[in-house]
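Secondary structure and helix contacts follow.

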Amino acid sequence: MTEPPRVLLADDQTLVRTGFRMILGADGIDVVAEATNGAEAVEAARRTRPDVVLLDIRMPEMDGLEATRRILTAPQAGGPRVIILTTFDLDRYVYAALSAGASGFLLKDVTPEYLVAAVRTVRTGDALLAPTITRRLVQRFAQRGSGTASLHRDLASLTPRELEVLGLLARGLSNAELATRLHLAETTVKTHVARILAKLGLRDRVQAVIVAYETGLVSAGAAAATDQM
């Protein structure tokens with residue numbers, strides 16, 4: 001039986017931390033540490049080595065963006081996955097945190113069921129990719145050639161099929177939907193996605209979506225057209 005994920009909860013609001021801790025605890029998920037600012041979160045992550053960090057994007061002393069960068073670049077094997085907590089879905093700081101390697105984000109009014117599912121999802125190595133809301137965030141802030149994000153990659157290393165998979169992935173298609181669209185087995189799609197991430201040096205599908213927009217492989221107009229198909 002797989003052990004439940006160990007969680008670090010960082011938020012400067014006591015009520016948020018208390019509520020999330022109760023929700024996770026009711027599902028058998030242990031909150032191993034809490035932090036009230038980014039600096040505390042970085043230290044707690046180093047000390048307790050959690051599987052998942054729930055990290056408020058706006059905190060005093062050190063914000064969630066800088067904390068994300070420090071936690072994910074810390075020299076420790078099998079580092080934690082970071083989920084950003086935010087009040088506003090279309091937030092430039094959230095986008096920057098995703099670019100820095102966060103595995104997804106949650107609104108603070110998330111349902112208990114989705115919170116638990118999110119923690120368990122990213123613990124397994126998957127990205128927390130809600131296609132519509134994540135794509136809207138990326139569409140708003142990804143600017144080709146802006147130089148403001150850290151994920152620009154040369155896509156020349158990808159095969160034509162991998163480029164096709166990346167483009168459809170960025171439009172929000174799941175592995176099952178990709179398999180249907182491309183007439184492939186789902187295991188083959190998973191292999192393509194894994195190779196894309198490895199070749200581009202990406203942590204997960206969220207970063208792949210960002211790369212697809214930042215490099216111009218996918219545009220907001222093209223994604224909208226896909227939605228209408």
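## Nonpolar cores

The largest nonpolar core contains 54 residues. Leu-55, Val-82, Ile-84, Leu-98, Leu-166 and Leu-200 have the most contacts inside it. A nonpolar core is here a set of buried Ala, Val, Leu, Ile, Met, Phe, Trp, Tyr and Cys residues joined through side-chain atoms within 4.5 Å; buried means under 20% relative accessible area, exposed over 50%, and partly exposed in between (1.4 Å probe, protein chains only). Helix 10 (residues 205–214) gives the largest share of this core, 7 residues. Domain 1 (6–128) and domain 2 (148–215) both contribute residues, so this core lies between them. The domain bounds come from an automatic or database domain assignment.

A second, separate core has 19 residues, including Ile-29, Ile-83, Val-116 and Leu-128.

## Basis of the values

The model is predicted: local features need pLDDT of at least 70 and side-chain atom pairs count only at pLDDT 80 or more, while totals for chains, interfaces and linings use all residues. Residues are numbered from 1 along each chain as its sequence is written, and side-chain values use heavy atoms, leaving out hydrogens and water.

## The sheet

Five strands form an open sheet in the order 2-1-3-4-5, with parallel pairing. Strands (E, at least two residues) and helices (H or I, at least four) are DSSP runs numbered from the N terminus, and two strands pair if DSSP finds at least two bridges between them. Strand 2 (30–35) and strand 5 (104–107) are the edge strands, each pairing on one side only. On average, neighbouring strands are turned by 25 degrees against each other, direction ignored.

Strand 4 (residues 81–86) pairs with strand 5 in the parallel sense over 4 bridges. Opposite Ile-83 stands Gly-104 in strand 5.

## Helices on the sheet

Helix 2 (residues 38–48) lies across strand 1 (6–10), strand 2 and strand 3 (52–56), at about 145 degrees to strand 2. Axes are lines fitted to C-alpha atoms, for helices over the stretch in contact, and angles run from 0 to 180 degrees between N-to-C directions. Helix 3 (residues 64–73) packs on the sheet and touches strand 3 and strand 4, contact being heavy atoms within 4.5 Å. The direction of helix 3 makes about 160 degrees with that of strand 3.

## Helix 1 and helix 5

The axes of helix 1 (residues 14–26) and helix 5 (residues 112–123) come within 10 Å and cross at roughly 70 degrees. That makes the two helices roughly perpendicular (65 to 115 degrees). Phe-20, Ile-23 and Leu-24 in helix 1 meet Pro-112, Leu-115, Val-116 and Val-119 in helix 5.

Methods. Parallel < 35°, antiparallel > 145°, perpendicular 65-115°, else oblique.
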